Amino acid sequence: MSDPLIAQRKDVNYDEGKIDIGVLPDPLVSKVGKRITAKEWDSHRLELLRTLSEHQFGFAPTEVADLSWKVVEEGIMNEGLTKRQQIVVHLQTVAGSMDIDLIVFSPANKTKCGAFLGLNFQGNHSIDSDKAIRIPSTWMRNNAESGVSENRATETGRGQQSRRWPIREINERGFVVATAYYGDIDPDFDDGFKNGVHSLFPSHKPDIDHPDRWGSIAGWSWGLSRLLDVLIQQPSVDPTKVAVVGHSRLGKASLWAGATDPRFSVVISNNSGCGGAALERRNFGETVAIINTSFPHWFCGNFKKYNKNEKELPHDAHTLISVIAPRPVYIASATEDTWADPKGEYLSGHYATPVYQLLGYDGLVSSNPPEPEVSVGGRIGYHVRTGPHDILSYDWQRFMDFSDKSWKK
Ligand code: GTR
């Protein structure tokens, strides 16, 4: 049987000459056509957030879950440089409960540090080979190389993703880095929202085709906010200096977490592509139709109305960047990651720049992306790294430069 995803990838456009984005919705014009002033930004921002929720990410529940947490393990790593803490975060509603394993790597003996919080793809044990790190027991996509079989992680996965998490470098620069396995929040398959975080709120529009129910991306973002609730209580973390970071689908989740939770003082998207930082109207690489077909559980039912119909979207990726304003946001691409449309990722920052300028800040003024390995911008920052779809030391170093500069102001 032919793989529908491979068939879809064959028809994908990679020709700049075929792009016609038409007219982008102006993030500084209200629904009734009024130009927004700086004073009106806060309330207009909420209107834009509602538009993004209704047409793309879905609305997360407003009910709260009871949250408690417990440190279950502590250790020292990297020849005394790093203090590791493993924390079980417990969430409870009337419908049920779930646990998320949060792991925090802090510079030993330091308090009130800037911190990076992001989800990981293959379990906390995949980011460092230390044997004390807990292995997830939740559903995981099978992967022979990482030793995931029968949808369960195993010892083979230890350290397999360490290139993506340069803990030593981050702690050496005086920052905390914290992460959790995204499947602890919501397993990444179309299960009709029977498990994961959606099952804690069963009355909250659980069916897959509901127009504005929350999808998995919004679920991961909601989970990031719950992890933030816990992270800011740790003495090693300065609660005013937490950046949310994510790669690929988790970059989409990072942008939405940053958009919806203003406690994240810096927002970072790495190779987030379609549904993240890349402008949908460009139709370059992955498209709305492709993403909604491959991953029907990621976004809300309404988003499917824009399959091959992007010009009808009441927003675009620049709106997602705009609603983060006035907080600093950094977008990173990779030269070989054409599927995620590096130029489209840059342009969303460019077209969000008038919002930042209205509020008195710089963004990405030029309509042309920079050369590889040149980090540009003001409160909206950007680089494109040479190489494939990935998150590597080079990216982290730029994220740290950008966050450090933002937090010092
Ligand atoms: C791809 C998907 C992208 C991106 C990527 C990832 O299959 O088409 O949107 O999210 O997965 O998360 O690795």
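Which residue in β5 does Val104 stand opposite? In this predicted model, local features need pLDDT of at least 70 and side-chain atom pairs count only at pLDDT 80 or more, while totals for chains, interfaces and linings use all residues. Residues are numbered from 1 along each chain as its sequence is written, and side-chain values use heavy atoms, with hydrogens and water left out.

Val104 stands opposite Ala178 in β5. Strands (E, at least two residues) and helices (H or I, at least four) are DSSP runs numbered from the N terminus, and two strands pair if DSSP finds at least two bridges between them. β3 pairs with β5 (residues 176-181) in the antiparallel sense over four bridges. β3 is also joined to β2 by 12 bridges, and these two strands run antiparallel. The bridge partner of Gln85 in β3 is Val104. A hairpin is formed by β2 and β3, with two residues between them.

Buried means under 20% relative accessible area, exposed over 50%, and partly exposed in between (1.4 Å probe, protein chains only). Strand β3 (residues 96-107) is largely enclosed by the rest of the structure, because 10 of its 12 residues are buried.

Some backbone features lie in loops. Most residues other than glycine have a negative phi, and most peptide bonds are trans. Glu79, in the loop between β1 (66-77) and β2 (82-93), has a positive phi of about 50°; Glu79 is exposed, with a relative accessible area of 71%. Phe193 has a positive phi of about 60° and lies in the loop between α4 (182-185) and α5 (216-231). Phe193 is buried, with a relative accessible area of 5%. A cis peptide bond with omega of about 10° joins Ala325 and Pro326, and Pro326 is in the loop between α8 (317-322) and β8 (329-334).
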